[in-house]
Amino acid sequence: MPQEKRIVETVKTGIIDGIRGTGEVVDAAISTVSGTLVNTIKSTGAVGAALTGTVSDVLRGAILGTAHVGADIGGAAKGGVIGVIRGTAEVGVEATESIGAGAQAVVKSAAEVGGDLGSAARSAVEGSIAGAKELGLQAEEAASAAASGAIKGAGEVSAAAVDEVRRAVTGVIGGVKVVVKQPFKSEKRKAS
């Protein structure tokens, strides 16, 4: 847990500094997320569940930092997912699972800060499409992974969140038909 908290705080601080320095949310998210992922993967050798956990921590930090300065969470979601794609490509890791984990974290973190879940989810899908096209990956596959991850994240919030996110990520986005690969139901647990 200490490393998780350290990653979240490092990214949060980096995003805050980046946004305050330039005012540009998308670029701050891309560079902070990508750089942190590359450094963390290289230093820890994170793969599989450890990698998706790292992606989640990094994107949570990006959303929390963006909300802290009152900037556009959608911009952080889009830039964050582009950063995930760039970072995983730089270290030679397959991106699809990381894209889904990233979109899931974006939605959960947007809920945590009271953000617009539909907008955050749609922005994450837009980021997956832009990042995939930039690196010559399959945009449809990346968009599907992001949409599915976003809906999974919404399922951890509420049934209403699932409906909101599903509406936001279904259809054609950025010229790409988005297909959700599996149905998701609310997974929100009752407080014990």
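Which hand does the crossing of α5 and α6 have, left or right? I started my notebook with that one, and the crossing turned out to be right-handed. A reminder to myself before going on: this is a predicted model.

**Entry 1: the pair α5 and α6.** I looked up where the two helices sit, and found α5 at residues 96–112 and α6 at residues 117–135. Their axes come within 9 Å and cross at roughly 155 degrees. Angles over 145 degrees count as roughly antiparallel, so α5 is roughly antiparallel to α6. Next I listed who meets whom. From α5 come I99, A103, V106, V107, A110 and A111. On the α6 side they meet L117, A120, A121, A124 and S128.

**Entry 2: a stop at S128.** Then I checked its polar partners. The S128 side chain reaches the backbone oxygen of V125 at 2.6 Å. A polar atom of that side chain also lies 3.4 Å from the backbone oxygen of A142. Leaving aside residues up to four places away in sequence, I saw S128 touching V81, I85, I99, A142, A143 and A146.

**Entry 3: over to α7.** Helix α7 covers residues 139–155. How many of the residues of α7 are buried? I noted 14 of the 17, so α7 is largely enclosed by the rest of the structure.

**Entry 4: back to α2.** This helix runs over residues 25–44, and its 20 residues should span 28 Å, which agrees with the 28 Å between its end C-alpha atoms. I looked at its N-terminal end and found E24 capping it, with a side-chain oxygen 3.3 Å from the backbone nitrogen of V26. Among the buried residues of α2 I wrote down V25, A28, A29, T32, V33 and T36. Just after the helix, G45 takes a positive phi of about 70 degrees.

**Entry 5: last look, α3.** Residues 48–68 make up α3, which has 21 residues. From first C-alpha to last I read 30 Å, close to the 30 Å expected.

Key: Residues numbered from 1 in each chain as written. Predicted model: local features only at pLDDT ≥ 70, side-chain atom pairs only at ≥ 80, totals over all residues. Heavy atoms only, no water. Helix = DSSP H or I, 4+ residues; strand = E, 2+ residues; numbered from the N terminus. Expected span 1.5 Å × (residues − 1). Buried < 20%, exposed > 50% of the residue type's maximum accessible area, 1.4 Å probe, protein only. Polar contact = N/O pair within 3.5 Å; in protein donor to acceptor, adjacent residues only side chain to side chain. Axes fitted to C-alpha atoms, helices over the stretch in contact; angles between N-to-C directions. Parallel < 35°, antiparallel > 145°, perpendicular 65-115°, else oblique. Left-handed = near helix turned anticlockwise from the far one by under 90°. Contact = heavy atoms within 4.5 Å.
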